[in-house]
Amino acid sequence: MSYKKWLYKDPSGSTTEFKTLEDFPPDTFGFVYKITNICDGRFYIGRKVLYNNVTKPLTKKEIAEWDKPGRVPKKRKIQKESDWETYWGSSKLIRQDLKDLGEDCFTREILTLCKTKKQLSYYEVYWQMHLKVLAIESYNDNIQGRFYRKDLE
């Protein structure tokens, strides 16, 4: 299945299309994105990391070859590419609309590329506040699980 690519307009104004991990600058940890329903104008602001840490058990061969001092660990952490390429947000409402309307009614835009987890958290909140996602009709119904649309009504 072919997915819509992520578009990024850099500060100079040129637009880049991200199709693979190699398209990102080498020090990119993740990005803050905006998914827009072009049929009704609603949008969703979220964040996505490029890699996930996964814990895997050590194989018998790895345990047998362990030659470092101390106790032999049972697990190891590895980094694996996330599902960023096919990701459409965590909102149930946007996923339902995506199923009902199809991908052609949506655009995916990268707002900010981030180098660290803290930057990612900051810029997600920054964009959600800047675009007033709780005060207008958007797919976001909360910010960081602390501020809810129902609290503003």
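Which residue does a disulfide join to Cys39? Select Cys39 and Cys105: a disulfide joins these two residues, with an S to S distance of 2.4 Å. Please bear in mind that this is a predicted model. The count for the structure comes to 1 disulfide.

Next, display the chain on either side of the link. The pair connects distant parts of the chain, 66 residues apart. Cys39 belongs to the loop between β3 (30-37) and β4 (43-49), whereas Cys105 belongs to the loop between α2 (92-101) and β7 (106-114). Now look along the S-S bond: the angle about this bond is -55°, and the link of Cys39 and Cys105 is left-handed.

Cys39 is partly exposed, at a relative accessible area of 49%. Cys105, by contrast, counts as buried because its relative accessibility is 14%, below the 20% cut-off. Then select a further cysteine, Cys114, which is buried with a relative accessible area of 1%.

Is Asn37 buried or exposed? Asn37 counts as buried, at 0% relative accessibility. Select Tyr139 as well: the side chains of Asn37 and Tyr139 make a polar contact at 3.0 Å.

Finally, display the surroundings of Asn37. Neighbours within four places in sequence set aside, Asn37 is in contact with Arg42, Asp97, Leu101, Cys105, Phe106 and Tyr139.

Definitions and conventions. Residues numbered from 1 in each chain as written. Predicted model: local features only at pLDDT ≥ 70, side-chain atom pairs only at ≥ 80, totals over all residues. Heavy atoms only, no water. Disulfide = S-S within 2.5 Å. Helix = DSSP H or I, 4+ residues; strand = E, 2+ residues; numbered from the N terminus. Buried < 20%, exposed > 50% of the residue type's maximum accessible area, 1.4 Å probe, protein only. Polar contact = N/O pair within 3.5 Å; in protein donor to acceptor, adjacent residues only side chain to side chain. Contact = heavy atoms within 4.5 Å.
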